[in-house]
Amino acid sequence: MTNSPITTLLMRLEDYKRKFYLNRLIKGTIFSVTLILSAFLVFNTLEYFGHFGTTFRAVLFFSFLIAFLTSVILWVIKPAMFLYGKQKPLSNEQAAEQIGRFFPEVSDKLINTLQLSKNLDKEQNELLQASINQKSQQLSFVRFADAINVNDNKKYVKYAAVPAVLIGAILVIYPTFFTKSSERIVNFKNEYQEEAPFTFKLENEELKAFKNEDFTVKLSLLGNTIPEAVYVLHNDRRLKMESTDRRNYSYTFSKVQKDFMFLFDAAGFKSATYDVEVVNRPNLAFFEVNVSYPSYLNKPNESFKNVGNLTFPEGSNVEWDYNVSDTDSILMTFEGDKFRYSADKKLLGGGFTFSRKVKNSGSYQVFLKNKYASNREGINYFLNVIPDKHPQISLENYKDSTLYNFMVLGGNISDDYGISRLAIFYKILREGKPSNAAYRNINLPVNHTQTIQSFYYQWGLDSLKLNPADKIEYYVQVWDNDGVNGAKSSRSQIMNYAIPDKRQIDKEIDNSIDKTQAQLEKALEKTQKLKKEISVLENRLKNKKDLDYQDKKLAEELLKKREELINEIKQLQEQNKTLNEKQERFNEQKPEIQQKIDALQKMMQELLDKDAEKNYEDLKKMLEQNQDDKMLDMMDKLKNKEKNMEKELERMQNLFKKLQLDQKLDKTINDLKNQADKQDKLAEKNEQLSNKPDNAPDKKADNEATKNEQEKLNKEFEDTKKDLQEAEKMNKEMKDSEPMDMGKEQQEDISQDQKDSKQKTEQGDNKAASQKQKRAARQMRNLAQKLQDMKAQAEMKQNEENIDDLRDILENLVTLSFDQEKLMKDFRGINPSDPRFVKLSQDQLKLQDDAKVIEDSLYTLSKRVMQIETFVTREMSNMKGYMNDAVKLIKDRKMALTASKQQFAMTSMNNLALLLSDVLKQMQQQQMNMMAGSGKGKNIKKTKDKAKCLALARNRSN
């Protein structure tokens, strides 16, 4: 229902009235707070500084009470009642007059409308009603409540804020200002005397002093006013106290003997009187310690007086005997023991005793106590218990990291009383797999009487038959001779001695091969440099009678470089020996391969020519003795020796590569056969698994195991493929070598079958996996056989060619021997002036050229034939040297010496023919073994026998 205009007008007048009383309530509250706070501040200030009597304090109290009640009733409660009560003292006309003062333009209309509304109540007149509604509507646009602004009261807040801030600041800084004055005003009936401006506060918790000890009194002063000095009044004496700062004081009574009293005095103000009681502390006069040692030590009991820091063997029984005064009880505590032990009071003498069997070292404390206090200073001692210690062991080891045949263990063992046993405990982990087998032991000898000793043991591992990937887990344990607790032991940490797996062994062997090959190249390079420098010095010495300083320095440098070369060759010999031992240890060698290994090692051992060593020693003496005239001949000899050395090293390089190729192929063939056997076994496992039901509890685990084994075999075959690639590369690097068919298609087929078998195993198709594995095994064996046949055919062909070449060399050598013999006879008795002399000299030169051809052929053959030993090439060098000497002597017309050199050359030829005949026999025998059943071997043997007979006949004739 819509309100009429006059009703709306009256409601807006009511809004104005409510806001009018709300404004009065807010303003009254501010005035009331201002009056109350101001009165509280003024009255407390007056009382604080005035210290008024009861009458004036009563006036202040009631005045504050009246002001408080009046302001609250008039300014707070009454407006609140008008605001929330039903009766309103302010009439509509009064409200209209107030509104008219704020809104002058509506004043008359508002008053007139209110008057008309009163008349409307008396008489019902439609015209009057219409007039009232019209005027009410004209006033509807004015909000009467806007005539009052409540925010205008904010300007009065500052009057209340001033006393509030002052009161708050005083409460924070000095709250006593209000507490004391307010207390006196509220308790206005009480009489208050004038107080000191400060307070005496005794800091001592209790007033008990100990006899013959100093007693310090501590005092603090509270208050704003602090006196300049404070005194203690004691026995009619005024004693000045010491100050640590302006508020804290202390005074010490020295060596008090009996009870006493005191009080404080400052600025004419005195404190209350304090009584001090003097009591006695417990006191330890002296003590005695009686020790009973363990019986097994055979040591007599001992006593110590006033000695608290003690050292005893473990298990000793210790008794403390205390003599005390003014003591009610004694407590003892021991480090590491949470309990506190009470000493027993003696029936006679008033002392205390305590006994304990000591086992552990640590500090201990003695506490004396009576009803007043404990002993002033803690009695602390240390009990050092010497236990029977565990034996000590330190272990060091040296492992054979080359052949893995032995291990050296050594170290130190010690104990405080002696050692009873020392042993090595070990177990073998085949292929590095964990083993539950018990440890086996080896007892080591020890000296039972020595407390400190060393041990050393060389542990030969040959009997353990360790294979690649095997591991030894071991430790060393030592026992002492503890007769009380039983023999205690200590052991080293568990250590491992692992043999590398096959892949690592192969890698180590390959590394050794590379090192040996590099060492060969290094020795060859140094030999070539040395030969070159010898030639340089030889050229400098030509047409010189005496050596200058530079020549001697060059000769000395030659000697130094020769020493360096000797060291390089010794390293080469050692490196090759180590390589051979490692290959023999881990790779089974065929007899023919082992013969080649031994032959090559023998060649390296014979590299250092004793004649060459003698020549260099002669050179050194020449330099020392200044024998310059012989230097040129010596340079020629040394150059020939180094040239022979160079050829021997080049030959060994080629033979070494050939040997490594043969070993690589043999190893690969054996690996293929072993892998084929493993592949067959794995195929059988898969076939057995195919017969198991799919829900068998262990089939999944078995499948996983076979898959892992197949993966391992796949990796092994990949290594084999790499070996074949390396063998093919090695073959290509060798001169005059024929290509080798490594069966790459078969290799790929094997790899694919292995991958397929692994995939089928993962899919659970064990039968298909087994078929793939069997096929891979067959192909491995076929490939191994193919490589073996290829190697055998190549060796047979090469051996046949070598035999033919050697036969030609022998025939040429025999021919050369006959020709040299004939020429030697022709030179006998001929005069150098004879025209035939020139023709014979040319024949000797031709024989020298023929010898050079034989030398080159023999050198080329020696690079392929291991049976040609070092002394064969040296004999060839000697023959060539004799023939060179003979040519020089012919030029010099020294016929007597020429004949001797020719004879020596012929002897070398015959010796060489005999040596090569033996080599030919070995090669023929080797060929006959390869061609068992053929007739070629017999024909070859006859040719060889004929050459040997010719050589022997030539030797006998000379």
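**Salt bridges and cores, a quick tour**

A search of the whole structure, which is a predicted model, turns up 57 salt bridges.

Visitor: How many residues apart in sequence are the parts that K208 and E277 tie together?

Guide: K208 and E277 form a salt bridge, with their closest N and O atoms 3.8 Å apart. K208 sits in strand β2 (residues 208-210) and E277 in strand β10 (residues 274-279), so the pair ties together parts whose separation in sequence is 69 residues.

Visitor: Is D265 buried or exposed?

Guide: D265 pairs with R238 in a salt bridge, 3.1 Å from N to O. R238 counts as partly exposed at 48% relative accessibility. The cut-off for buried is under 20%. D265 has a relative accessible area of 6%, so D265 is buried.

Visitor: Which helix holds both K839 and D843?

Guide: K839 and D843 form a salt bridge, the closest N and O atoms being 3.1 Å apart. Being four residues apart, they are separated by about one helical turn, and the helix in question is α16 (residues 836-862).

Visitor: How far apart in space are Y251 and L219, C-alpha to C-alpha?

Guide: Y251 lies in strand β7 (residues 248-253). Y251 and L219 are 32 residues apart in sequence, yet C-alpha to C-alpha the gap in space is 8.7 Å.

Visitor: How many residues does the largest nonpolar core have?

Guide: In soluble globular proteins, nonpolar side chains tend to be buried together. Among the residues with the most contacts inside the largest core here are W459, L600 and M635. M635 touches I534, L537 and L619, among others. The size of that largest core is 66 residues.

How values were computed: Residues are numbered from 1 along each chain as its sequence is written. This is a predicted model: local features need pLDDT of at least 70, side-chain atom pairs count only at pLDDT 80 or more; totals for chains, interfaces and linings use all residues. Side-chain values use heavy atoms; hydrogens and water are left out. A nonpolar core is a set of buried Ala, Val, Leu, Ile, Met, Phe, Trp, Tyr and Cys residues joined through side-chain atoms within 4.5 Å. Buried means under 20% relative accessible area, exposed over 50%, partly exposed in between (1.4 Å probe, protein chains only). Contact means heavy atoms within 4.5 Å. Helices (H or I, at least four residues) and strands (E, at least two) are DSSP runs, numbered from the N terminus. A salt bridge is a side-chain nitrogen of Lys or Arg within 4 Å of a carboxyl oxygen of Asp or Glu. Lists of a residue's contacts leave out its neighbours within four places in sequence.
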